[in-house]
Amino acid sequence: MTGPAEHDGPGRSVEAVPVPAPRAPGAPRRTRIVLAEVSRQDDRSGRTRAELAEQTRVGEALVRGLVRAQLALALRLSLVVLIALGGLPWLFAIAPSAGRVTVLGVNLPWLLLGVASFPFLIGVGWAYVRLAERNEQDFTDLVQRPER
C-alpha cells in the first residue's frame with residue numbers, strides 16, 4: 001500500500017487520496033473552452049444523411065449513383081486489362097516474328113506474359129483502389145455538404 005489505509009466499516013479499507021494543493025492567490029483562473037458547442041452542424045446535411053439511413057427515394061438514388069460509379073470504374077479497368085493482356089497473344093499470332101524475339105536469352109512472350117504482367121496487374125489494382133476511394137470521398141462530400 002502506498003499510504004495509510006483508513007477503515008470504512010467492517011472489513012473494508014479506503015486508500016487515502018492526496019488532495020490537490022490550493023491555487024496560489026493571484027493565479028489566473030482556468031477556463032475550459034469547448035469548440036463543439038460553438039460550431040453547430042447544418043440541419044440540411046443531417047437531413048441528407050437521414051434520407052440515406054432511412055432509405056428514402058433520395059437516399060436510394062444517391063447510393064445507386066455511387067454503385068454505378070464504382071461499377072463503371074471496375075468495367076473500365078477490366079477493359080484495360082483485357083485489351084493489354086488479351087491483346088498480347090493476338091499480337092504474337094498476327095506477327096510471329098515478335099514472338100521469336102529474345103531478351104537476355106528468354107523469349108519475349110514469356111517475359112511479357114509471365115513477368116511483366118504481374119507489375120501491370122498490381123498497378124491496375126492500385127489505380128482501382130485509389131479511384132474507388134476518390135468515388136467514395138466524392139459521395140461523402142456530396143452527402144455532407146450543405147444544401148443550397
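Colleague: What share of the residues in the protein is buried?

Modeller: Buried residues make up 11% of the 148 residues. Buried means under 20% relative accessible area, exposed means over 50%, and partly exposed lies in between, with a 1.4 Å probe and protein chains only. This is a predicted model, where local features need pLDDT of at least 70, side-chain atom pairs count only at pLDDT 80 or more, and totals for chains, interfaces and linings use all residues. Residues are numbered from 1 along each chain as its sequence is written, and side-chain values use heavy atoms, with hydrogens and water left out.

Colleague: How many helices and strands are there in the protein?

Modeller: There are 5 helices and 4 strands. Both are DSSP runs numbered from the N terminus: helices are H or I with at least four residues, strands are E with at least two. From the N terminus on, the order is β-β-α-α-α-α-β-β-α.

Colleague: Which helix holds A132?

Modeller: A132 is in helix α5, residues 108–144.

Colleague: Buried or exposed?

Modeller: A132 counts as buried because its relative accessibility is 9%.

Colleague: And what is A132 in contact with, leaving aside neighbours within four places in sequence?

Modeller: Q70 and L73. Contact means heavy atoms within 4.5 Å.

Colleague: How do the axes of α3 and α5 cross?

Modeller: At roughly 170°, and the axes of α3 (residues 57–94) and α5 come within 10 Å. Axes are lines fitted to C-alpha atoms, for helices over the stretch in contact, and angles run from 0 to 180 degrees between N-to-C directions. The two helices, α3 and α5, are therefore roughly antiparallel, a term for angles over 145 degrees; under 35 is roughly parallel, 65 to 115 roughly perpendicular, and the rest oblique.

Colleague: Which residue classes make up the contact of α3 with α5?

Modeller: The contact has 26 nonpolar, 3 polar and 1 charged residues. Ala, Val, Leu, Ile, Met, Phe, Trp, Tyr, Cys and Pro count as nonpolar, Asp, Glu, Lys and Arg as charged, and the others, Gly among them, as polar.

Colleague: What about V67, exposed or buried?

Modeller: V67, in helix α3, is exposed because its relative accessible area is 51%. From V67 to E136 is 9.7 Å, C-alpha to C-alpha, and 69 residues in sequence.

Colleague: Which residues does UniProt list as "transmembrane region"?

Modeller: The unreviewed UniProt entry lists residues 73–96 and 108–129. UniProt positions are given in the numbering used here, feature names are shortened, and annotations may be inferred rather than shown by experiment. In the model, residues 73–96 are 96% helix and 0% strand, with end C-alpha atoms 34 Å apart. Residues 108–129 are 100% helix and 0% strand, with end C-alpha atoms 30 Å apart.
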